[in-house]
Amino acid sequence: MAAAARSQVMSLYRTMLRESAKFPSYNYRNYALRRVRDAFKANRNVEDPKAVERLMEEGRQTLALIQRQVSKYEVIMYKHQRMVRCHCSSFTCDAFLLHDDVFLHFIFPL
Amino acid sequence: MLASGRTVSSRLLRPTAWLPLRLSSERTAASSPQKELIKKHEQDELRPLYMDFQATTPMDPRVLDAMLPYQVNYYGNPHSRTHAYGWESESAMETARKQVADLIGADPREIVFTSGATESNNMAIKGVARFYKAKKRHVITTQTEHKCVLDSCRILESEGFDVTYLPVQKNGLLDLELLEASIRTDTSLVSVMTVNNEIGVKQPIKEIGQICRSKGVFFHTDAAQAVGKIPISISDWKIDLMSISGHKIYGPKGVGALYVRRRPRVRLEPIQNGGGQERGLRSGTVPTPLAVGLGAACSVAQKEMEYDHQRVSMLANRLVQKIMSEIPDVIMNGDPEQRYPGCINLSFAYVEGESLLMALKDVALSSGSACTSASLEPSYVLRAIGADEDLAHSSIRFGIGRFTTEEEVDYTAEKCIEQVCRLREMSPLWEMIQEGIDLKSIKWTQH
C-alpha cells in the first residue's frame, strides 16, 4: 500500500512542478517551484497513512489552485495597449478592441 | 521543458507584442538563473527587481484565489440579513475574521475590519483618547512612529491633549525606564510600533505591555510590519489595541484590521459613524472580497511564518555580508539583534542616497519610507536614532520578502557594490578621506 502511494506522491510532485513552471511571473514561478520542492522534502519521512492522505489532499488542492492562478495570470499579464482588429471566428464581429480585451472577447463574445 | 498548453486558435489571438515576455518565461529551464535574471533586467520591456517589501507586497496567489469568487460571484452585502447573498458574504467575512484573530491569538469578536493600518491607527489613538478625555488627557508615543500615528497625536494636541514623544536610543529601541517615568496618573494611552518600517527595529513589546498593564494604561501597537512575520500573542504581550495592514502581508490593498480588547474592555469613540457595523466602532459595509483576502493572507502567513522567517533571514544575511565585505564605510541603521531581518537600512558614507537609487535603476528600492519619500528632508526616523545628517541622506532601505530569490539578492548586492564604488570614485569627499583628511576638521569657505 505504501509503495502504490509512493508512485502517486511522485506523480503529484512532478505535476505540481510542471504546473508551477507555467507562472508568467518570475517571482511567483520561483516561489511555487521552491515551495513545492521544500514541502515535499520536509514531509518525505511521514509514515502514518492518514497523515500521508491528508497531505496528498492538500497537495491536490494546491495543484488545482496553481492551475487556476496560472491561467488567470496569463490573461492579466498584458503589457501593450494597442487597438487591434478582433480575430475571433464569428463573421458578425467587427469590434475594435484594446489588446487586453482580445483574449477576454474570445472567451466571452458579446 | 515548459509545457506548452497553447492551442492553434489561442496562438492566433496572442498579440505578437507579447512575445518578449513569453520568450523570457519559456527559457526558464534552458538558461541559467543568472542569465535569465540579466536578460530580464536589461531588456526595456521588463521591470525592475522588487526589493521594497516594506512599502507594499505583491498578493500571494493563494490570497487572490480566495478573493476572486467574492469579486465575481458572491457579491452580496454581508450586512443584508434577508437573503442568501447576504448570508454567504457574512459567513465569508466571519471566516476571515476568525483567520485574522487566530494569527494574533485573539477572539474573532475583537477584530474590526478597517480600510488599512492608517485608519486603524487613527481609530485607536483618537478614539481612546477622546473617550477617556474627561479624566485622562495624556498620551505617550515615540519619535519613530509612522506618520499617521504622529499626525493623529498632533491633532489630539490641538484638541487640548498632552502628548509626550519619547526619544529612542541610538539603536532605535525605546528606553523602558524612560517610558515608565513618563507615565502619569492621567495617561490614557501608550502607542509604540512593533517593527519599524524604515529601520526594521523590533521594540520590546512584551516589557512595554507589562509596564502599561501594571500602571493601568492602554497599550496600542502598530503591528503592520510585524503581523504574519514574527509570532504575536496579544495575551502574552498584554496588548490592548493592535493595527493590522493587509497589503504588508501579501494581502490586498485597501483593507486592514484593528484588534480591540474585550477583557478588560477598551472603549473607543468611533471616527466613522453610520449604521453601526463592526460593533459600532467602524460603520460602513465591510468589503467582503478584501476582508476575505485579508483573512486568507493571515492564514497563509500563519502556515508559512517559520519557513519565510528562515528564508528571509538567510537572504538578508547574504545581502548584508556581501555588501559589507566588499565595500568599507557601510553602516546598518538600527539594532543588529532586535530586528526583523527582512528590513535592512544601510547608510553608505560619502555617497548621496538619491543618486545611488537612480544608479540602481533596475532594482526597486527606497530611501526612507514611501509616505515621506516626496519631501527632500532626510527621514525623521534616522534623525531620531541620531544618525549624522550626511549619513541620513545616504541611506537605502532593502526589503526582502517571501518571493525574493537568491539571484535577486546577489544581483542587488553586486549592482549596489558597483554603483557605490563608481559614485565614490566621483566624490571629492571620498578623495579627501583616502588622503587621510578628517572631514569634520575642514572649514568650508564661501566663494
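Two strands are said to pair if DSSP finds at least two bridges between them, and in this predicted model strand 3 (residues 138–142) and strand 5 (residues 187–191) of chain B are joined by four bridges and run parallel. Chain B holds 15 helices and twelve strands, and 56% of its 447 residues are buried. Of the contacts in chain B with a separation of 6 or more, 72% are between residues 24 or more positions apart.

**The seven-stranded sheet of chain B**

- Seven strands of chain B form an open sheet in the order 2-8-7-6-5-3-4, and the pairing within this sheet is mixed.
- Strand 2 and strand 4 (162–166) of chain B are at the edges and have a single partner strand each, so one side of each has no neighbour in the sheet.
- On average, and with direction ignored, neighbouring strands of this sheet are turned by 20° against each other.
- In the parallel pairing of strand 3 with strand 5 of chain B, His138(B) is placed opposite Thr187(B) of strand 5.

**Strand 8 and its two partners**

- Strand 8 (residues 256–260) of chain B is mostly covered, with five of its five residues buried.
- With strand 2 (residues 111–114) of chain B, strand 8 pairs in the antiparallel sense over four bridges, and Ile111(B) stands opposite Tyr259(B) of strand 8.
- With strand 7 (residues 241–245) of chain B, strand 8 also pairs in the antiparallel sense, here over five bridges, and Leu241(B) stands opposite Val260(B) of strand 8.

**The three-stranded sheet of chain B**

- An open sheet of three strands of chain B has the order 9-10-12, with antiparallel pairing.
- Strand 10 (residues 343–348) and strand 12 of chain B run antiparallel and are joined by five bridges, with Cys343(B) opposite Gly399(B) of strand 12.

**Helix 5 and helix 10 of chain B**

- Helix 5 (residues 84–104) and helix 10 (residues 288–326) of chain B pack at an angle of about 35°, their axes being 8 Å apart, and their crossing is left-handed.
- Residues making this contact include Ala92(B), Ala96(B) and Leu103(B) from helix 5 of chain B, and Ala291(B), Val292(B) and Met305(B) from helix 10 of chain B.
- The residues of the contact between these two helices comprise ten nonpolar, six polar and one charged.
- Helix 5 of chain B packs on the seven-stranded sheet, where helix 5 touches strand 2, strand 7 and strand 8 of chain B and its direction makes about 115° with that of strand 2.
- Helix 10 of chain B lies across strand 9, strand 10 and strand 12 of chain B, and runs at about 10° to strand 10.

**The annotated stretch of chain A**

- An unreviewed UniProt entry lists residues 8–64 of chain A under "domain: Complex 1 LYR protein".
- Over residues 8–64 of chain A, the chain is 81% helix and 0% strand, and the end C-alpha atoms are 16 Å apart.

Definitions and conventions
Residues numbered from 1 in each chain as written. Chains lettered and ligands numbered in written order. Predicted model: local features only at pLDDT ≥ 70, side-chain atom pairs only at ≥ 80, totals over all residues. Heavy atoms only, no water. Axes fitted to C-alpha atoms, helices over the stretch in contact; angles between N-to-C directions. Helix = DSSP H or I, 4+ residues; strand = E, 2+ residues; numbered from the N terminus. Left-handed = near helix turned anticlockwise from the far one by under 90°. Contact = heavy atoms within 4.5 Å. Nonpolar A, V, L, I, M, F, W, Y, C, P; charged D, E, K, R; others polar. Buried < 20%, exposed > 50% of the residue type's maximum accessible area, 1.4 Å probe, protein only. UniProt positions renumbered as here; feature names shortened; annotations may be inferred.
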